[in-house]
Amino acid sequence: MRTSRTSRTTSRTTSRTAGTSVSPLWRRVSAVCAGLAATAALLAAGTTAARAADTPLRDLAAAKSKVVGTAVTGSKLTGGYGDIAGREFSSLTPGNAMKWGSVEPTQGNFNWAEADQIVAFAQAHDQQVRGHTLVWHNQNPNWLTNGSWTPAQLGGLLQNHINTEVGRYQGKIAAWDVVNEPFNEDGTYRPTLWYNGLGADYIASALTWARAADPAAKLYINDYNVEGVNAKSTALYNLVKSLKERGVPIDGVGLQAHLILGQVPSTLQQNIQRFADLGVDVAITELDIRMALPADTAKLAQQRADYKAVTAACVAVARCVNLTVWGFTDSDSWVDSTFPGYGAATPYDANYAPKPAYYGIAEALGGGTTTPPPTGACTASYGVGSQWNTGFTGNVTISCSGASLSSWKVSWTYAPGQRITQAWNATCSQSGAAVTCSNTSYNGTVPSGGSVTFGFNASWSGSNPVPTVTLG
Ligand code: XIL
């Protein structure tokens, strides 16, 4: 079952009781300021939340015979996060939940709760699951890494692990990242627990055991810095070629694609194509594109171009079957804690508003030209707090999503009889009907995903209409 898209509106009804003159009025009008532009374009009254393009990414992808996915955290799959995960994506990858250290923290004691939850969510939303990952040098349980094992014991442990985990989810996993990150940058094998104990054929063994445990799952080798043609991707290429020649089950390669802004490899499509020509599928498995913080309009525009380029390279090769982002929101990304000073790497901001990057993906999937402006937006909205026969309190909130401000000024025109008498958290002046308010020394900065509110007292006579507010 798919969750249907619901449009969020912010209509609030005012309940008026006869004889009561004080009632909260929450009528809001908004102005939008695209990026950091000085002049503001007006937006119709109502919600100002940025909206995704009308067609979800998963539907755009399906029309191109592609699957589009995201890594997820099981505990977050409710509310807005769950809505987006279910609506926009046709594949989920557990970000951590299926790693050995998560599922068997002490030997023989299993914890499948988060992995089960993600699989159930995926089934309820008609989504594939990419299993991640069975054989890796990171996020293994301490009992495993601290033990001293003979090669036979190590092989037995690995076979048993693969049997248990792949067997548990048999028939429910579209593809497994069986082996993760086996290579060094120069294309030699990474000296891991597995390589050191079992030799290079731990890879062939793991694939063979995985095939036995779930014959229907596609089996992948996954790595990073293998997106372009280079020594590491060539080592991966040679490995896949020799595995195929030996009859070892290998169905695909995963290009993680943890990229840096402006550095999409120019040979990405060529590299995808050479793997496809070997007779395996290709997936972009962990796409994110990090930038030095803070984000700004130019960086977000570059990020849009980069996401579009990666998506287009996948679209261009028939055997590139899945494009998965490593977390869809900046609030659920590994980047900020892993690469200090970098962040804003995903297609949605921390408040779940789609960023320009989202529209870059959509456009490369054929989403067309109906997407909103490529830059983020800052908006100002005016609200009436309480109102009595001669006066009222008001407030204005300036919010930014995918853009930011270092200073701000809002203005509006009052009706006859409306006059500001006192403001706080802003410097306001009124000349005739024209009101202008600007930031104080301490609240000029509005970061992407943040907001600033100021308030005021005012008098009115006649009527007290809500004015149209301009930010700029
Ligand atoms: C990351 C997770 O996103 C983090 O939450 C965790 O702390 C570390 O691992 N390559 C991979 C992924 O194959 O499993 C990694 O995921 C990111 C790099």
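Biologist: Which residue takes a positive phi just after H13?

Modeller: That residue is Gly 366, with a positive phi of about 90 degrees, just after H13. Please keep in mind that this is a predicted model.

Biologist: How many helices and strands does the protein have?

Modeller: The secondary structure comes to 13 helices and 20 strands. Of the 472 residues in the protein, 50% are buried. Among contacts between residues at least 6 apart in sequence, 75% join residues at least 24 apart.

Biologist: How many residues of H13 are buried?

Modeller: A residue counts as buried when its relative accessible area is under 20%. In H13, 8 of the 9 residues are buried, so that helix is mostly covered. The buried residues include Tyr 358, Tyr 359 and Ile 361.

Biologist: What covers the buried residues of H13?

Modeller: The cover includes helix H1 (57-63), helix H2 (79-88), H11 and S11.

Biologist: Let us turn to aromatic rings. How many aromatic pairs does a search of the whole structure find?

Modeller: The search finds 24 aromatic pairs. In one of them, Phe 328 and Tyr 348 lie 5.6 Å centre to centre, with 80 degrees between the planes. Planes over 60 degrees apart count as edge-to-face, and therefore this pair is edge-to-face.

Biologist: Where in the chain do Phe 328 and Tyr 348 lie?

Modeller: Phe 328 is in the loop between strand S11 (320-325) and helix H12 (335-338). Tyr 348 is in the loop between strand S12 (342-343) and helix H13 (356-364). The two residues are 20 residues apart, and their pair links distant parts of the chain.

Biologist: Are these two residues buried or exposed?

Modeller: Phe 328 counts as buried because its relative accessibility is 0%. Tyr 348 is also buried, with a relative accessible area of 1%.

Biologist: What does Glu 181 touch?

Modeller: Not counting residues up to four places away in sequence, Glu 181 touches several residues, including Trp 136, Arg 190 and Tyr 224. Glu 181 lies in the loop between strand S6 (175-180) and helix H7 (193-198). With a relative accessible area of 8%, Glu 181 is buried.

Biologist: Why can residues three or four places apart point the same way?

Modeller: An α-helix has 3.6 residues a turn, so residues at that spacing point the same way. In H10, Leu 268 and Ile 272 both take part in the contact with H11. Both are also among the buried residues of H10. The buried residues of H10 pack against H9, strand S8 (252-255), strand S10 (281-292), H11 and S11.

Biologist: At what angle do the axes of H8 and H9 cross?

Modeller: The axes of helix H8 (residues 202-213) and helix H9 (residues 231-246) cross at roughly 55 degrees and come within 12 Å. That angle makes H8 oblique to H9. The crossing is right-handed. Ile 203, Ala 204 and Leu 207 of H8 make the contact with Leu 239, Leu 243 and Arg 246 of H9.

Biologist: What does Arg 246 touch?

Modeller: Not counting residues up to four places away in sequence, Arg 246 touches Asp 201 and Ala 204. Arg 246 and Ala 204 are 42 residues apart in sequence and 9.4 Å apart in space, C-alpha to C-alpha. Arg 246 is partly exposed, with a relative accessible area of 46%.

Technical notes
Residues are numbered from 1 along each chain as its sequence is written. This is a predicted model: local features need pLDDT of at least 70, side-chain atom pairs count only at pLDDT 80 or more; totals for chains, interfaces and linings use all residues. Side-chain values use heavy atoms; hydrogens and water are left out. Rings of Phe, Tyr and Trp (its six-membered ring) pair if their centres lie within 6.5 Å; planes under 30 degrees apart count as stacked, over 60 as edge-to-face and the rest as tilted. Helices (H or I, at least four residues) and strands (E, at least two) are DSSP runs, numbered from the N terminus. Buried means under 20% relative accessible area, exposed over 50%, partly exposed in between (1.4 Å probe, protein chains only). Contact means heavy atoms within 4.5 Å. Axes are lines fitted to C-alpha atoms, for helices over the stretch in contact, and angles run from 0 to 180 degrees between N-to-C directions. Angles under 35 degrees count as roughly parallel, over 145 as roughly antiparallel, 65 to 115 as roughly perpendicular and the rest as oblique. A crossing is left-handed if the near helix is turned anticlockwise from the far one by less than a right angle, and right-handed if clockwise.
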